[in-house]
Amino acid sequence: MGAEYEKTLEETKNIVEKLIREHLKNGGLIVKYYSWTSINLKRDFSAVLSVSNCKNTWEIYREAVRERLVMLSITDPDCPRLPSSSAIMIPRSDGSANSFEEVSQIILDMKSSRAIDWRTATLLYDQAYDAEISRCILSLLEDREGIRPLTLTEFKINAPTHSWEKRKEIRRTLLGIPTAYTGKNFIAIVNVATLTLLMEISKDLKLVNPSSQWLYLLPSTEKTSSDFTTSATIINEGDNVAFVYNSASKAQNCSVSVLCYMEAYILHFIRSLSKLIREEQVVFGQISDEEWEIIRPSKQERKNKFLQMIRTAITAKDECNKCSQWKIQSAETWGYVYRTDLMADGNEMIERKKYTMLDIGYWSPQDGFMLTDALFPHAKFGFRGVQLVFYSYHNPPWQFVTYNESGSPVISSGVVYDILKELSRKLNFTYTMVIAQPTEINGSFVEGNITILLAAIGSTVNEKQKKFVSFTDPISIQTYSFIISRPRELSRVLLFLSPFGPDTWLCLATAVALMGPILCVINKLSPYYEVHNKPTNTGLGKVNNCFWYIYGALLQQGGLYLPYADSGRIIIGTWWLVVLVIVTTYCGNLVAFLTFPKIDIPVNRVMQLLRNERGMTWSIRRGTFLEEILMESSEPKYMQLYKGSLVINELSDDLVERIETGQHVHIDWRNNLRYLMKRQFLRTDRCDFALSTDEFLDEQIALVMPKDSPYLELVNNEIRRMHQFGFIERWVAQYLPPKDKCSGSSARVMDVQNHTVNSSDMAGSYWILLLGFLTGLLVFLCEFAISWYLRRRAAKAATVAYTN
């Protein structure tokens, strides 16, 4: 305070004595004066009134908070305001400064009150404020206690003489902003002339949208408040814009005295103290001392009550500074084009409002940044509960239309219905639904006099229709597949032959056929039998004995004969080793074939279907995304698929029977085919169908909005969030057929289940046994016939000899 310190101190003492004498009706007050900040506040103080610079003010505040004291402060400009829950602070101003010098304090108060709670911001300012803009930048970068740090990017708007040059300069400046890195929060400190151009060009460059926030600070409006708001006619649907502008001009007789604020502080403190003492005396007089010790308010409770009473007394009643008045307005824009409460009455058309300017608060040095609503209402509260109109129709599983008690059609369930409920909760709107028949989307989103914000339908994303409408991010991606007859198990009569291939069986038969003669020859030619005088025409010296020995060894049966010579024994030993390997391999493979049945080779892929080795036909539904893609595709595979397809409106019972018999294949969404499998299972109680493993041609399903809707990105962000949290996946699963024995892994054609061996698996063994008996019987009859023939021939020969 310099040379005025002593004078101000004496006047302060006089004011204190006067106010205590006139207004303190209950109790007493001891006031101590200090000219330094190193004060021991642990003594029995109740409040601290400080007039000092910003640094000392914050040091005193921290000490006062520890001692739970009431803190009233007058300090320098550009000082972060003390937390309102613990202190009251007024930045000192003598009233001679121009309006721009208050902007830095306004910015600090906005950050302190969390009116703006940004992490990044872009500052745009007029060249006229270049000399003093550093104070505003420091205020934006302030990160003191309770203030969120902010990353700032600044751009200066040069001020050429001609309007078209200024327009060009503003466009150049805005094009140079890398919003991908700097964010979508903007603070513009400009005059009214620049404001109009800036709003127009930023809108043209699509920098103003529901995801961005624009705060305009206007130190000098040059016009009245009513004239100023009319200049903001560039505000459109979906914008987030707010204005903080000076609503009072500096008068020549405008002066602000520190003593005035001190007198107001002390007056309201004394009145609050007197009132508080009187209230406590009333309570104390009605109870005992012991009860009073229990219920008496604590020091912290008294402090909170003091601050509440003083703040109530001084808020919006600044008698010391009537020259600093800033008004805060925000534009309410969301949903104005789509609201149902602005409909025409009868045949008269009412011009639909684009926005409403809301008076949401003010700023003054004494009260700070005072808001009755959020600075950006839509950023915090979405559509603020407005009622919107949506269009829909019956299209399971996306939308299910039913009739309510009054007979009116309503959307009762479906994936889109669940998404709409979540959107209405997050974006804070209510809605009514217009139910109509499905029509081709041609860009018309007007129903009567109402503009429809969103078509609540699960629509296929189509490149042609993007000329007329905007599609949201996909809510689901449906893949195409085809349904076929469930592959049957192949005949298991010849199962015993399956472990080896034909070439293996041929080699084995050849080995058995050759080993017998080889073993016989070796036994006959071996010198061992001649040296040891052993006969060579018995045992393994006969070919038939060698053959049956080799065959018996193959069946792991021993023989009556063994060769005497080592050469023959080596041959036999080697054969036994080969038999061990063959029998072990055969048994292992036979167990595998018994456990896992052999399935008919299914048609799993499009290329298998196109080869058409089984003479199968296939069908697709008319008017679907699949038909359109196949018609326009230049890929040979899809051209052939479309050329050979049967285009149908609905899948008939005849085609279902042909699918069941394996003569036909139907191509559709995989989820639609699951519904078909479920219906077939409920009808037959069998799993007659299976789905192919091949999934092709992803079809994107999305919601539909008007072309270039400002809320498209907003809805897309919410849809992405629902995908990330798994909401949409769960909702889609809710409307799929419930699981049964044909569902899950069993629906795939290549899945195999463990198999219990039954009589059909052993049928081949029974046939071998029957074949063996028949062969033995045939050989027996042949032996009997040969024996009869030989006896008859011998008898005939004897008769002829006797006759001769």
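A: Let us begin with a contact, which means heavy atoms within 4.5 Å. Leaving aside neighbours within four places in sequence, Ser-52 is in contact with Thr-57, Ile-74, Thr-75 and Asp-76. The model is predicted: local features need pLDDT of at least 70 and side-chain atom pairs count only at pLDDT 80 or more, while totals for chains, interfaces and linings use all residues. Residues are numbered from 1 along each chain as its sequence is written, and side-chain values use heavy atoms, with hydrogens and water left out.

Q: Where does Ser-52 lie, and which side chain does a polar contact join to that of Ser-52?

A: Helices (H or I, at least four residues) and strands (E, at least two) are DSSP runs, numbered from the N terminus. Ser-52 is placed in the loop between strand 1 and helix 2. A polar contact is a pair of N or O atoms within 3.5 Å; within protein, one must be able to donate a hydrogen and the other to accept it, and residues adjacent in sequence count only if both atoms are side-chain atoms. Here the side chain of Ser-52 meets that of Asn-56 in a polar contact of 3.1 Å. Also at the start of helix 2, a side-chain oxygen of Asn-53 reaches to within 3.4 Å of the backbone nitrogen of Lys-55.

Q: How is the span of helix 2 to be read?

A: The expected span of a helix is 1.5 Å times one less than its number of residues. Helix 2 (residues 54-66) has 13 residues and reaches 19 Å from first C-alpha to last, close to the expected 18 Å. Arg-68, which follows helix 2, has a positive phi, near 55°.

Q: Which residues of helix 2 are buried, and what do they pack against?

A: Buried means under 20% relative accessible area, exposed over 50%, and partly exposed in between (1.4 Å probe, protein chains only). In helix 2 the buried residues are Cys-54, Asn-56, Thr-57, Trp-58, Ile-60, Tyr-61, Glu-63 and Ala-64. They pack against strand 1 (47-51), strand 2 (70-75) and strand 3 (87-91).

Q: Why does Ser-86 count as buried?

A: Ser-86 counts as buried because its relative accessibility is 14%. Ser-86 sits in the loop between strand 2 and strand 3. Beyond four places in sequence, its contacts include Tyr-61, Val-65, Lys-303 and Leu-307. Between Ser-86 and Ala-64 there are 22 residues in sequence and 9.0 Å in space, C-alpha to C-alpha.

Q: How many cavities of 30 Å³ or more are there, and what lines the largest cavity?

A: On a 1 Å grid over the protein atoms alone, a cavity is a set of points where a 1.4 Å probe fits but cannot get out, and lining residues have an atom within 4 Å of a point. Grid points are joined across faces, edges and corners, and a volume is the space filled by probe spheres set on the points. The count is 5 cavities of 30 Å³ or more, and the largest holds about 60 Å³. Among the residues lining the largest cavity are Phe-383, Phe-390, Met-705 and Tyr-711. Helix 13 (415-427) and helix 23 (712-724) are the elements that give two or more residues to this lining.

Q: What is the class make-up of the lining of the largest cavity?

A: Ala, Val, Leu, Ile, Met, Phe, Trp, Tyr, Cys and Pro count as nonpolar, Asp, Glu, Lys and Arg as charged, and the others, Gly among them, as polar. The lining of the largest cavity has 11 nonpolar, no polar and no charged residues.

Definitions and conventions
1 Å grid on protein atoms, 1.4 Å probe; cavity = no way out; pocket = protein on both sides within 12 Å on 5 of 7 lines; lining within 4 Å.
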